[in-house]
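Here are a few friendly notes to read alongside the picture. Take them one at a time and look for each feature as you go.

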Amino acid sequence: MGKDLRGKELGVDISQEKDGLYTARFTDKLGKRRQQYFKKLQECRNWLADAQFEDEHGNVLQGENLTVDAWYRYWIDNVKGDNIRFNTRRNYRAL
């Protein structure tokens, strides 16, 4: 939990710098550290919530070099998950 210059708790991943700017930072799913500075606390909180939501629910399938195999692995692991019986999964792999 970060604190502002007066010692008030600001929330997880938010803090205030000595120059008065608020900073929000988090680590995305790829392990990259993302950080942004703001003059207002509400803008900082909004950006953090939006960035974390986009990181969690963003379109993973974007990209120029996406292969069918990569798409299949994403689909079988995240979309279908445990809703597929063993034999169906085996048949999908055989295709």
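1. Two strands count as a pair if DSSP finds at least two bridges between them. Strands (E, at least two residues) and helices (H or I, at least four) are DSSP runs, numbered from the N terminus. With that in hand, find Phe26, which stands opposite Arg34 in strand 5. Strand 4 and strand 5 (residues 33-38) pair in the antiparallel sense over six bridges. Five residues separate these two strands in their hairpin, and Gly31 in the turn has a positive phi of about 90 degrees.

2. A word on the source: this is a predicted model, where local features need pLDDT of at least 70, side-chain atom pairs count only at pLDDT 80 or more, and totals for chains, interfaces and linings use all residues. Residues are numbered from 1 along each chain as its sequence is written, and side-chain values use heavy atoms, with hydrogens and water left out.

3. Now step back to strand 3 (residues 14-16), which runs antiparallel to strand 4 (residues 22-27) and is joined to it by three bridges. Gln16 has Tyr22 of strand 4 as its bridge partner. This hairpin has five residues between its strands, and Gly20 takes a positive phi near 95 degrees.

4. What pattern does the protein follow along the sequence? The pattern reads β-β-β-β-β-α-α-α. The protein is more spread out than a compact globule, because its radius of gyration is 20 Å, well over the 12 Å that the globule rule gives for 95 residues. The radius is taken over C-alpha atoms, and the rule is 2.2 Å times the number of residues to the power 0.38.
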